[in-house]
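Here is a short briefing to read alongside the model on your screen.

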Amino acid sequence: ANNNDKWLSFDSFGLGIYNGSAWTIYNTGNSGLPTDSINGTFILNQTDAWIATKAGAVLKAGSNWTVYDTSNSGLPSNNITTVFDNNGITYFGTHNGLAKFDGTNWTVYKQIHL
C-alpha cells in the first residue's frame with residue numbers, strides 16, 4: 001500500500017484497495033473479515049485501517065486482522081455503522097449506542113429515554 005491507494009468499502013463484496021493500476025479485494029475468503037458487508041473504513045496509515053462491518057469491527061494491521069464483536073469486546077452491537085480514530089482513541093457507531101476504545105478499555109454511551 002502507498003499514499004495514493006484508494007480504499008473502498010462494499011456492502012456485499014468486502015474491501016477493495018486500488019493502487020492506481022490494480023485492485024486487491026479482501027473478503028471472507030482471503031482475509032480476516034467476518035462478513036463481506038462493509039459499512040465503512042477509517043484509514044490509519046498506509047497499511048492499517050479500522051473496518052466497520054455488519055458483524056463487528058475489524059482492525060487490519062498490515063497482514064493481521066483482528067475482529068472485535070460483542071463476544072470479545074465492549075461493543076454493544078455487532079452492526080458497526082461507522083468508525084473514527086483520533087490519536088489512538090477509536091469511536092464506533094453501532095445500532096445500540098456509541099462505543100469508545102482506548103486500546104485497553106471500552107466505554108459505551110447510550111441514549112437515555114426519560
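Let's start at Gly 74, which sits in the loop that links strand E7 (64-68) to strand E8 (80-86). Keep in mind that this is a predicted model. From this loop we can move on to the cores, two further loop residues and the fold as a whole.

**Gly 74 and its surroundings**
- Gly 74 counts as partly exposed, because its relative accessibility is 24%.
- Beyond its neighbours within four places in sequence, Gly 74 makes contact with Trp 106 and Val 108.
- Between the C-alpha atoms of Gly 74 and Phe 101 there are 8.2 Å in space, while 27 residues separate the pair in sequence.

**The nonpolar cores**
- The largest nonpolar core has 10 residues: Trp 50, Ala 52, Ala 57, Tyr 68, Leu 75, Ile 80, Val 83, Phe 92, Ala 99 and Phe 101.
- At least two residues of this core come from each of strand E5 (48-53), E8 and strand E10 (97-101).
- Another core, of 9 residues, lies apart from it and includes Trp 7, Ile 17, Ile 38 and Ile 51.
- As background, nonpolar side chains in soluble globular proteins tend to be buried together.

- Ala 57, one of the residues of the largest core, touches Trp 50, Ile 51, Thr 66, Val 67, Tyr 68, Leu 75, Ile 80 and Phe 92 when residues up to four places away in sequence are not counted.
- Ala 99 belongs to strand E10.
- With a relative accessible area of 0%, Ala 99 is buried.
- Setting aside neighbours within four places in sequence, Ala 99 is in contact with Leu 75, Pro 76, Thr 90, Tyr 91, Phe 92, Trp 106, Thr 107 and Val 108.
- Ala 99 and Thr 70 are 29 residues apart along the chain, and their C-alpha atoms are separated by 11 Å.

- Thr 28 is found in the loop between strand E3 (23-26) and strand E4 (38-43).
- A relative accessibility of 40% is why Thr 28 counts as partly exposed.
- The contacts of Thr 28, leaving aside neighbours within four places in sequence, are Leu 33, Pro 34, Thr 35 and Asp 36.
- Asn 87 lies in the loop between E8 and strand E9 (89-94).
- Although Asn 87 is not a glycine, its phi is positive, at about 55°.
- Asn 87 counts as exposed, because its relative accessibility is 77%.

**The fold as a whole**
- The protein has 11 strands and 0 helices.
- A compact globule of 114 residues would have a radius of gyration near 13 Å, and the 14 Å of the protein agrees with this.
- The C-alpha trace spans about 55 × 30 × 25 Å along its principal axes.
- Of contacts between residues at least 6 apart in sequence, 30% join residues at least 24 apart.

**Surface and charge**
- Buried residues account for 34% of the 114 residues.
- The protein exposes about 6400 Å², and carbon and sulfur atoms supply 47% of that area.
- There are 5 positive and 7 negative side chains, and the centres of the two sets are 5 Å apart.

Note on methods. Residues numbered from 1 in each chain as written. Predicted model: local features only at pLDDT ≥ 70, side-chain atom pairs only at ≥ 80, totals over all residues. Heavy atoms only, no water. Helix = DSSP H or I, 4+ residues; strand = E, 2+ residues; numbered from the N terminus. Rg over C-alpha atoms; globule rule 2.2 N^0.38 Å. Buried < 20%, exposed > 50% of the residue type's maximum accessible area, 1.4 Å probe, protein only. Contact = heavy atoms within 4.5 Å. Areas by Shrake-Rupley, 256 points an atom, 1.4 Å probe, with all protein chains shown as cover. Lys, Arg positive; Asp, Glu negative; His and termini not counted. Charge placed at Lys NZ, Arg CZ, Asp CG, Glu CD. Core = buried A, V, L, I, M, F, W, Y, C linked by side-chain atoms within 4.5 Å.
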